[in-house]
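Good morning, and thank you for joining.

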Amino acid sequence: MTIDNKFDLKQIVYLRTDKEQLPRIVARIQIGQLGLLYCLNQGITESWHYDFEMTEEKDVLMSFS
């Protein structure tokens, strides 16, 4: 089996829909039926996301809306 993860552990990422564009760190990667899930930490908050929800680049225009 080959696993093609788009993001790596300890990588800083941003959520495309986060108006504050807070940096998050990839803490865990889980293999599920629908694909890879990434556990992201921002401070003490932890959340799970698919790769299409994430980006490596901060969207500065999003933080102005």
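Methionine 1 lies in the segment before β1. Please note that this is a predicted model, in which local features need pLDDT of at least 70 and side-chain atom pairs count only at pLDDT 80 or more, while totals for chains, interfaces and linings use all residues. Residues are numbered from 1 along each chain as its sequence is written, and side-chain values use heavy atoms, with hydrogens and water left out.

Is methionine 1 buried or exposed? Methionine 1 is exposed, at 90% relative accessible area; buried means under 20%, exposed over 50%, and partly exposed in between, with a 1.4 Å probe and protein chains only.

Let me turn to the sheet. Strands count as paired if DSSP finds at least two bridges between them. Strand β1 (residues 12-15) and strand β2 (residues 24-32) are joined in the antiparallel sense over two bridges, and isoleucine 12 stands opposite isoleucine 25 in β2.

Finally, arginine 24 belongs to strand β2. Arginine 24 counts as buried, at 13% relative accessibility. Beyond its neighbours within four places in sequence, arginine 24 has contacts (heavy atoms within 4.5 Å) with residues including Gln11, Asp18 and Leu40.

How values were computed
Helices (H or I, at least four residues) and strands (E, at least two) are DSSP runs, numbered from the N terminus.
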